[in-house]
Amino acid sequence: MASEDALGKVKEVSEGIRETARTVRQNLEEGQPPGQAVAILRDVVREAPLPSLLVAFMLGLLIARR
């Protein structure tokens, strides 16, 4: 019975954390006007995450070699 209670608490806390993350993400997105460099970069990364990661890695290599 104690393990069922613990599992229920974990699920409850987990859902609370997910809801908080959703709220924070939504508020951050609403607070930024579209067209800014950060908004454009965020949209590009969401559409193509692997190519964006490759570009970031290559830029990191270029900067590190200097």
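The protein chain holds three helices and zero strands, where helices (H or I, at least four residues) and strands (E, at least two) are DSSP runs, numbered from the N terminus. Read along the sequence, the pattern is α-α-α. The radius of gyration of the protein chain is 19 Å, well over the 11 Å that the globule rule gives for 66 residues, so the chain is more spread out than a compact globule. Here the radius of gyration is taken over C-alpha atoms, and the globule rule is 2.2 Å times the number of residues to the power 0.38.

Before going further, a word on the ground rules. This is a predicted model, in which local features need pLDDT of at least 70 and side-chain atom pairs count only at pLDDT 80 or more, while totals for chains, interfaces and linings use all residues. Residues are numbered from 1 along each chain as its sequence is written, and side-chain values use heavy atoms, with hydrogens and water left out.

Let's look at the overall outline. Taken along the principal axes, the C-alpha atoms of the protein chain fill a box of roughly 60 × 30 × 20 Å. Buried residues make up 3% of the 66 residues; buried means under 20% relative accessible area, exposed over 50%, and partly exposed in between (1.4 Å probe, protein chains only). The accessible surface of the protein chain comes to about 6100 Å², and carbon and sulfur atoms account for 66% of that surface. Accessible areas come from the Shrake-Rupley method with a 1.4 Å probe, and for residues only the protein chains shown count as cover.

R25 sits in helix α1 and is partly exposed, with a relative accessible area of 44%. Its C-alpha atom is separated by 26 Å from that of G8, 17 residues apart along the chain. L62 belongs to helix α3 and is exposed, at 55% relative accessible area. Between the C-alpha atoms of L62 and A39, 23 residues apart along the chain, the separation is 25 Å.

Now for the charges. The protein chain has 9 positive and 9 negative side chains, and the centres of the two sets lie 11 Å apart. Lys and Arg count as positive and Asp and Glu as negative, with His and the chain ends not counted; the place of a charge is NZ of Lys, CZ of Arg, CG of Asp or CD of Glu.

There are two salt bridges, each defined as a side-chain nitrogen of Lys or Arg within 4 Å of a carboxyl oxygen of Asp or Glu. E19 pairs with R22, the closest N and O atoms being 2.7 Å apart. Both E19 and R22 lie in helix α1 (residues 2-31), three residues apart, about one turn of the helix. E15 also forms a salt bridge with R22, at 3.7 Å, N to O. Together, E15, E19 and R22 are linked in a network of salt bridges. E15 is partly exposed at 38% relative accessibility, R22 is partly exposed at 38%, and E19 is partly exposed at 40%.

Finally, turn to a nonpolar patch on the surface, formed by L54, F57, M58 and L61, with about 400 Å² of accessible area together. Patches are made of residues with over 30% relative accessible area and no salt bridge; like charges are joined within 9 Å, and nonpolar side chains (Val, Leu, Ile, Met, Phe, Trp, Tyr) within 5 Å.
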